[in-house]
Amino acid sequence: MTQNKAISPYVVKKASLAIGDRQVHFTIKRSVRARNVRIEIRPETGLSVILPRGYSVEKVEELIRSKSRWIALHLEDISPGSGQWLTRELQTGDTVPFLGESLKVVVLHHTGEPVNVQQDNRCLYINMGKSIDGTREQLNGWYKKQAHKILPPMVNKFCARMNVTYNRLYILGQNTRWGSCSHKKNISLNWKLLKMPQRVIEYVIIHELAHLKEMNHTPRFWEVVAMYCQDWRECRAFLKKFPEGKVSL
Ligand SMILES: [Zn+2]
């Protein structure tokens, strides 16, 4: 089959978006023949969004977010090429999520300083010293450090408010859970929560602390959650879009 160049989809722009702990890169194309918007994932080209005539480029970000779960699953499928692409080193200009904001990454090399990560407002400076790679490890280390700083005071604030006490707080990097509460009254929270908006983090904390009152997911449990987090339904729905983890039993 031959294809007329004039009517094959043409590239409008290349862009990227932080979804969960990934920076998803994609190409926006427009096709004069397409009748509906469609998302394609191919090993050689990665993720493309093909827009029909009249479909606004501004709507693409929302579209990708709404399909983020599907996209994440399928991007995994087409490894190894895209797998490497997803875990590629961070570069200046990439963005990473932090407490509901996007931080712009600036990667520095050979500054004479030791390896370190510093946040300044909406910028995250990753100083790699003499190392060539390892930006992702540095970033994750920074997230963990922030989690140890930010999460315990939040937990303690809600403990006081909810009149509950826990035994130990663990900050972990589980792949399947945002948080948990054990029968021994130990709370664990995922450091990847730092990539979520504050109110979503609060919801997870309230959810786990509510288990100190109700070790189940009965309507009574949700009543407790709702007392301290009115928009728990929205927060829960928000988390479900991310394949990294779900709120545990
Ligand atoms: Zn639960």
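The model is predicted, so to speak of a local feature takes a pLDDT of at least 70, and side-chain atom pairs count only at pLDDT 80 or more, while totals for chains, interfaces and linings use all residues. Residue numbers start from 1 along each chain, following the sequence as written. Helices (H or I, at least four residues) and strands (E, at least two) are DSSP runs, numbered from the N terminus; two strands pair if DSSP finds at least two bridges between them.

Strands S5 (residues 95-98) and S6 (residues 101-108) are antiparallel and share four bridges, with proline 97 partnered by serine 102 in S6. Together S5 and S6 make a hairpin, with two residues between them, and leucine 99 in the turn has a positive phi of about 50°. S6 also runs parallel to strand S8 (residues 123-127), joined to S8 by five bridges; here lysine 104 has cysteine 123 of S8 as its bridge partner.

Elsewhere, three strands form an open sheet in the order S9-S11-S10, with mixed pairing. S9 (169-172) and S10 (179-181) are the edge strands with a single partner strand each, so one side of each has no neighbour in the sheet. S10 pairs with S11 (residues 187-190) in the antiparallel sense through three bridges, and serine 180 sits opposite serine 188 in S11. Helix H5 (residues 198-210) packs on this sheet, touching S10 and S11, where contact takes C-beta atoms, placed from the backbone, within 7 Å.

Definitions and conventions: Two residues are in contact if their C-beta atoms, placed from the backbone, lie within 7 Å. Axes are lines fitted to C-alpha atoms, for helices over the stretch in contact, and angles run from 0 to 180 degrees between N-to-C directions.
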